[in-house]
Amino acid sequence: MSSIASERPGFSVDRAAWRAALACMLALAVAMGIGRFAFTPLLPMMLRDHWVTIKGGSWLASLNYAGYFVGALSCMVVRASSPRMIRLGLAATVVLTLGMGLLHDYTVWAVLRAAAGIGSAWVMVFSASWGLQRLAELQRPALAGYIFAGPGVGIVVTGLAGSATTAVGGGAQAGWLVCGVLAVLLSALIWRVFSDEAPALAAGGRPSASAAMAQAPGERGEEAWLVVLYGLAGFGYIVTATFLPVIAREALPGSPWPDLFWPLLGLAVIPGSVLAASVRTRLDNRLLLAGLYVMQALGVIIGVVWPTVAGFALGSVLVGVPFTALVLFAMREARRIRGNSASSLMGLMTAVYGIGQIAGPLVTAPLVAHTGSFILALLLAAATLLIGAAGYVMVWRRAMRRDA
């Protein structure tokens, strides 16, 4: 640490660590909270203004998640520096978000949402890699929780912006433009932090041949299970994450509360992420993940069995707390299996998680059309999360028997 502190006069390790963590947090707030999830609070406006139907909105959501999948895969091969990719992703998010408000054609929106997904993946992957590396260099790894609180911050901001726009009589166009302006302001605030002069994680990170050969068959099996079970989480939460305001409005017609459940979910993400980073590493990641999957399943289902203001509020918190906490534990499990050569496994996990997200809205739309409600889609999502939780427990038990 002394070599870092001697980089320049007046250098403060704590200040540098907080600067890196908060910059990455705001980068994720822009890319995830705005670039991806601004669509959720704005979808009711788009439906009200007859921009889209539930089916059309579902396709736009899935195209965004498909873009995220493509972006995650591209991160495994791109060789540009992390700061450069973060800046590119932030700039893309600004332009594409403003484009949703300025351009009024469904085909154009489809392209914009898919491209926004790609930009979101770039910022997510490269902010995480740059930020975690920087915090490791500064010996402040516990601040990682603040990085992953970024999506929650963004969800709160866009949720409140959408609610305020509705309150003053604004429509979908105004909502998208407001979110675009917010993306401009937040990106400008952190732009200088991500320079190529700052320490960055080297490109690559692929496992060496010797590391791959050193893996035991049991560990390779654990990798496969981790990828599959992590993908189930992508499907399990996305129905709520895409349609929560619409679902709440249907259950509580005329109530002023539905627009506030989404920012409440985002608010719950923040302490969940920060607390997850402080959990002792000796606790088994698979059991922690199982518990978070069960918590999120309860949050998904509670709106079905208790469709009241209190029920939706509690459900929003139960879905929000594990939102990025489970990402931390899943990536920590990948590092347990692969060590410092875990980046390719993390990339594959993120891509499969993306497949689950793509499938969610595409499955939901026909179920809603057939049944006239979101109940069956929510039950299916909750069941998927419970299956994932049971899978982690099964893998943990098998590993315990093998190591006994």
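I take buried as under 20% relative accessible area, exposed as over 50% and partly exposed as in between, with a 1.4 Å probe and protein chains only. On that scale, 53% of the 404 residues of the protein chain count as buried.

**Ground rules.** This is a predicted model, in which local features need pLDDT of at least 70, side-chain atom pairs count only at pLDDT 80 or more, and totals for chains, interfaces and linings use all residues. Residues are numbered from 1 along each chain as its sequence is written, and side-chain values use heavy atoms, with hydrogens and water left out.

**Entry: overall make-up.** I looked up the secondary structure. The protein chain has 17 helices and zero strands. These are DSSP runs numbered from the N terminus: helices are H or I with at least four residues, strands are E with at least two. I then looked up contacts, meaning heavy atoms within 4.5 Å. Of those in the protein chain with a separation of 6 or more, 85% join residues 24 or more positions apart.

**Entry: core.** A nonpolar core here is a set of buried Ala, Val, Leu, Ile, Met, Phe, Trp, Tyr and Cys residues joined through side-chain atoms within 4.5 Å. The largest one has 116 residues, and F37, M46, Y230, Y293 and M349 have the most contacts inside it. Helix α2 (residues 13-34) gives the most to this core, 16 residues. Leaving aside residues up to four places away in sequence, M46 touches F39, W51, V52, L60, M100, A172 and W176.

**Entry: α5 and α9.** How do helix α5 (residues 82-102) and helix α9 (residues 172-190) pack? Their angle is about 165 degrees, and their axes are 7 Å apart. Axes are lines fitted to C-alpha atoms, for helices over the stretch in contact, and angles run from 0 to 180 degrees between N-to-C directions. Angles under 35 degrees count as roughly parallel, over 145 as roughly antiparallel, 65 to 115 as roughly perpendicular and the rest as oblique. α5 and α9 are therefore roughly antiparallel. The α5 side of the contact includes L90, V94 and M100, and the α9 side includes W176, L177 and I190. By class, this contact has 12 nonpolar, five polar and no charged residues. In that count, Ala, Val, Leu, Ile, Met, Phe, Trp, Tyr, Cys and Pro are nonpolar, Asp, Glu, Lys and Arg are charged, and the others, Gly among them, are polar.

**Entry: α2 and α5.** I checked α5 against α2 next. They pack at about 40 degrees, with axes 10 Å apart. That makes α2 oblique to α5. A27, V30, A31 and I34 of α2 meet I86, L90, T93 and T97 of α5. The classes here are six nonpolar, two polar and no charged.

**Entry: positive phi.** I looked up two residues other than glycine. H50 has a positive phi of about 60 degrees. H50 sits in the loop between α3 (39-48) and α4 (54-74), and is exposed at 71% relative accessible area. Q139 also has a positive phi, near 60 degrees. Its loop runs between α6 (106-137) and α7 (144-147). Q139 is partly exposed, at 45%.

**Entry: V279.** Which residues does V279 touch, not counting those up to four places away in sequence? They are L288, F329 and R332. V279 lies in the loop between α12 (258-277) and α13 (285-305) and is partly exposed at 23%. Its C-alpha is 9.5 Å from that of F329, 50 residues away along the chain.
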